[in-house]
Amino acid sequence: MEFRYRHHDADHAIRLEHQPDGSLRAYVAGQEHSIQVLSSPEGQLNLLIDGQRVHAYAAATRTPQMHLDLRYVALVDRETCFFELEKVTGSGRQRSGKQAASGALTAQMPGQVMEVAVEEGITVNEGDLILLLEAMKMEIRVTAPLSGTLERLNVSVGDQVERGQMLAEIKPGGID
Amino acid sequence: MTITRILIANRGEIAVRLIRACHELGIEAVAVYSDADANALHTRLADEAIHIGPSTPGESYLRGEKHIAAARGTGCQAIHPGFGFLSEAPDFARAVRDAGLIFIGPSAEAIQAMGIKTEARALMQAAGVPVVPGFQAADAADEDFLHAAREIGYPVMVKAAGGGGGKGIRIVYDADSLLDALAGARREAQSAFGDSEIFLEKYIENGRHIEIQVLADQYGNTVHLYERECSIQRRHQKIIEETPSTIVTPDLRDRMGQAAVDAARAVDYVNAGTVEFIVAPDRTFYFLEMNTRLQVEHPITELVTGIDLAILQIRIAAGERLPFAQADLAQQGHAIECRVYAEDPANHFLPATGPVLRTVEPAGPGIRVDAGVVTGDQVTIHYDPMIAKVIAFGATRADAIRKMDWALAQYVILGLTTNLQFLRDVLKHPTFTSGNIDTQFIDRHFADWAEPCPDDLPVEALIAAAIAEFQSLGSLTSGGDGTPKGDAYSPWSRADSFRIGGR
C-alpha cells in the first residue's frame with residue numbers, strides 16, 4: 001500500500017508491504033526498512049524498525065472547515081517530538097502554504113471573524129485593515145499585504161476559520 | 001449551613017480540580033457547561049451538569065444569574081467561582097449572597113476593595129504595607145503626571161486603575177514618551193475595563209514577581225503559606241511558577257508573609273487569596289495587587305506545605321476554623337509548575353485549536369498533572385489557552401527541574417499544537433537553572449524561539465503514520481463519507497449527545 005503525506009511543504013511517499021513472516025517492509029526515498037509491529041493498543045505503536053525499538057502514538061482527524069486529513073504522530077523517547085502531517089490524496093484540498101499567491105490572505109491562527117472592513121471589488125492599499133480575527137481573547141488585525149483590488153472575500157462576520165484558511169484574495173495592481 | 005452540593009461556576013482544569021475536591025469531601029458537584037463544553041471533562045466528572053448557553057463566555061460562563069439559577073435548581077448550598085470569569089466580580093459575589101447561597105471566597109466588599117487597583121494601593125498604604133512608589137489622583141492632568149513621573153524617576157509604568165491581569169500596562173522610559181503613553185493607556189483602559197482612569201508606578205527594573213498565599217477563616221484567623229516565584233512570564237502571562245523563590249531569604253519570607261497577612265486583614269479577608277509583590281534586586285519589596293480568589297499556580301504551595309487549598313476553601317466557607325496556626329506551618333522541598341498552553345510558540349505564540357485526539361499524561365514520583373482536557377475533548381477558540389498544568393515536586397530545586405523535564409518529555413498531546421517543547425527549552429536555559437531570573441527573562445532569551453525538533457520528517461514518524469493508516473484500513477468499516485474508521489484512527493466527527501441535568 002502506498003501513502004503520501006505532506007510535512008512542512010515537502011511531500012513524502014511511503015510504500016508498505018506485508019511479508020510472509022508477518023513483518024512489514026517500508027520503502028521510503030529509495031531506502032528499505034524492515035518493521036515489526038510489537039503491539040498497537042489504542043493509538044500506540046510499539047515498533048521494531050530495522051532492529052531499533054520505536055515507541056509512537058498516532059491519531060487522525062479531518063478538519064471541519066477545510067476538510068484536511070491530518071495525521072498526528074508523536075515519537076516518544078528522551079526527546080518527544082510531535083509531527084503534524086497532511087495526507088495527500090488526489091482529490092483533497094491542501095492547506096495553503098508558501099505556494100499561495102502573494103495576494104492571498106490566509107488566517108495566521110484559528111479564530112472567529114469579528115469585523116470585516118472591506119467589500120469585494122474595492123481598492124486596498126498595503127497595510128489597510130481587511131478584517132479582525134479573534135481567538136482565546138486575542139485579537140489580530142489581518143491587513144492587506146500589498147495594494148490592489150480586493151477580488152474575493154471568502155468570509156463574513158461570525159465565521160470560524162482554521163489556520164491557513166483562505167480569507168480573501170487581492171489582485172495586485174496599481175492605484176488609478 | 002451544611003454543604004452537601006456545590007455549583008462550580010467555571011470550566012476546564014480548575015473545574016475538574018474543584019469537582020475532585022468536592023468528591024473527596026463527600027460533597028456532590030454540579031457543573032455548568034456551554035455548547036462547546038458539552039463533552040468536556042469537567043462536564044462528565046460532575047454529579048450533575050447544567051447547560052448554561054452558547055460557547056461565547058458572555059452568554060454562558062460570565063452570566064452570573066445563570067450560575068445562580070443552576071445552583072438553586074439543583075439544590076446547591078454554595079457556589080465556587082474558580083478563577084477568572086466571575087471569581088473577582090463583586091456584583092456576582094453579592095448576588096450569590098443575596099440569593100441565600102454561600103460564595104466560596106471572600107466578601108463582595110473585600111473583592112471590591114482590592115479590585116480597583118488605586119483603591120487597593122491606598123488601603124495598603126494606610127495599613128503600613130509597602131507599595132510601589134507611584135502617583136494616582138482622580139482627573140489628574142497630564143502635567144500632574146509629568147511632574148509625578150519626574151519625582152518617581154523613570155522608568156515608570158502607566159497602569160489602568162480598573163484593570164489587572166497584565167492588561168493596559170505601558171512602560172515609559174523618558175518624559176518624551178509619557179504623553180502618548182497616557183493617551184494610549186486611557187484608550188485601552190476605557191475599552192478593556194470601561195474605566196479610563198490610569199495611575200503611575202515606578203517600574204522596578206529586573207524585578208521579580210513574587211506572591212504570597214494567604215488563608216483566613218471566618219473567625220479572624222489569618223495565615224500565610226509562603227511565597228510563589230512567578231517571574232517567568234510572557235506578555236504578563238505567567239508560564240512557570242516555583243516555590244521557594246531563589247531570592248527569598250527566611251527573613252524576607254517572614255516580612256513579606258507578615259505584609260500579606262496585614263493586607264488581608266485590612267479588608268477583613270476570608271478564605272484563600274494571594275498578595276502579589278514586586279521584589280527589587282536589593283530585596284526591597286512592594287505591594288502590586290491582591291487576587292481575591294484561588295490562583296492558577298496554587299498547586300505548588302500545596303505540594304511544599306502538604307495542604308489542600310481547595311478543600312480548605314470549602315471548609316472555611318462551611319464555617320470551620322483553620323486547623324492550624326502560623327507556627328504549625330512549614331515548607332519543605334521544591335515545587336515547580338509549568339502551564340501547558342494551546343498555542344504555537346513557533347507561530348508567534350498564537351492560539352492553536354483542535355480535537356484532543358490523544359493525551360497521555362506523565363505519571364511518577366513527584367509528578368502531578370492538573371489537566372482540563374483528556375482524549376476526546378476539543379480545544380476551541382472561545383476560552384483560555386491553558387489546557388493543563390504539570391507540577392513537579394522534588395527535595396531540591398535541581399530535583400524538581402529534572403522531574404519536570406522528564407514529565408514534559410513524556411506528556412503526549414495529539415491533535416493540536418502546545419508549548420510543551422518551549423517549556424522544556426526554558427527549563428534548560430542556564431539562566432533558569434541558575435535561579436537568577438526576573439520578569440524580563442522570557443523576552444530577553446526567547447524572543448525568537450524555534451522548534452528544536454527536526455524540520456525534516458524522521459523516517460520513523462512517516463512509518464508510524466503509514467502503519468496506523470494501514471491498520472485502520474485493515475479493520476475497516478467505512479463511514480458514510482468514505483473516511484476509514486479503524487482502531488488506531490478515529491476521525492473527529494462524533495456527534496455525541498450531551499446530558500441535560502441528571503446522570
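In the predicted model, Y341(B) is found in strand β15 of chain B, which spans residues 334–341. With a relative accessible area of 2%, Y341(B) is buried. When neighbours within four places in sequence are left aside, the contacts of Y341(B) comprise Q237(B), K238(B), D384(B), P385(B), M386(B), T417(B), T418(B) and N419(B). A29(B), by contrast, is 312 residues away from Y341(B) along the chain, and the C-alpha atoms of these two residues are separated by 26 Å.

Aromatic ring pairs were examined next. Over all chains the count comes to ten aromatic pairs. One of them is formed by F349(B) and F422(B), whose ring centres are 5.0 Å apart and whose planes make an angle of 80 degrees, an arrangement that is edge-to-face. F349(B) lies in the loop between β16 (343–344) and β17 (350–351) of chain B, whereas F422(B) belongs to helix α13 (residues 420–428) of chain B, so the pair ties together parts that are 73 residues apart in sequence. Both F349(B) and F422(B) are buried. A further pair, that of F441(B) with F446(B), is tilted, with 5.8 Å centre to centre and 55 degrees between the planes; F441(B) and F446(B) are likewise buried. Ring pairs join F349(B), F422(B), F441(B) and F446(B), together with W449(B), into a cluster.

Helix α3 (residues 64–73) of chain B packs against helix α4 (residues 90–98) of chain B at an angle of about 25 degrees, and their axes are 10 Å apart. Because this angle falls under 35 degrees, α3(B) is roughly parallel to α4(B). The crossing in which α3(B) passes α4(B) is right-handed. On the side of α3(B) the contact is made by G64(B), H67(B) and I68(B), and on the side of α4(B) by F92(B), A95(B) and V96(B). Classified by residue type, this contact of α3(B) with α4(B) has four nonpolar and two polar residues and no charged ones.

The axes of α4(B) and helix α5 (residues 108–115) of chain B come within 8 Å, crossing at roughly 175 degrees. The two helices α4(B) and α5(B) are therefore roughly antiparallel to each other. To this contact α4(B) contributes P90(B), A93(B), R94(B) and R97(B), while α5(B) contributes A108(B), E109(B), I111(B) and Q112(B). In the contact of α4(B) with α5(B), the residues divide into four nonpolar, one polar and three charged.

Attention then turned to the backbone geometry. Most residues other than glycine have a negative phi, and most peptide bonds are trans. Against this background, a cis peptide bond joins Y154(B) and P155(B), with omega about 0 degrees, and P155(B) is found in the loop between α7 (142–152) and β7 (156–160) of chain B. The peptide bond from T243(B) to P244(B) is also cis, its omega being near -5 degrees; P244(B) has its place in the loop between β12 (237–243) and α9 (250–266) of chain B.

Positive phi values in residues other than glycine include those of H8(A), near 50 degrees, and Y226(B), near 70 degrees. H8(A) is found in the loop between β1 (2–7) and β2 (10–18) of chain A, and with a relative accessible area of 51% it is exposed. Y226(B), on the other hand, lies in strand β11 (residues 222–234) of chain B and counts as buried at 9% relative accessibility.

R253(B) has a relative accessible area of 15% and is buried.

Notes: Residues numbered from 1 in each chain as written. Chains lettered and ligands numbered in written order. Predicted model: local features only at pLDDT ≥ 70, side-chain atom pairs only at ≥ 80, totals over all residues. Heavy atoms only, no water. Axes fitted to C-alpha atoms, helices over the stretch in contact; angles between N-to-C directions. Helix = DSSP H or I, 4+ residues; strand = E, 2+ residues; numbered from the N terminus. Parallel < 35°, antiparallel > 145°, perpendicular 65-115°, else oblique. Left-handed = near helix turned anticlockwise from the far one by under 90°. Contact = heavy atoms within 4.5 Å. Nonpolar A, V, L, I, M, F, W, Y, C, P; charged D, E, K, R; others polar. Phe/Tyr/Trp six-rings, centres within 6.5 Å; stacked < 30°, edge-to-face > 60°. Buried < 20%, exposed > 50% of the residue type's maximum accessible area, 1.4 Å probe, protein only.
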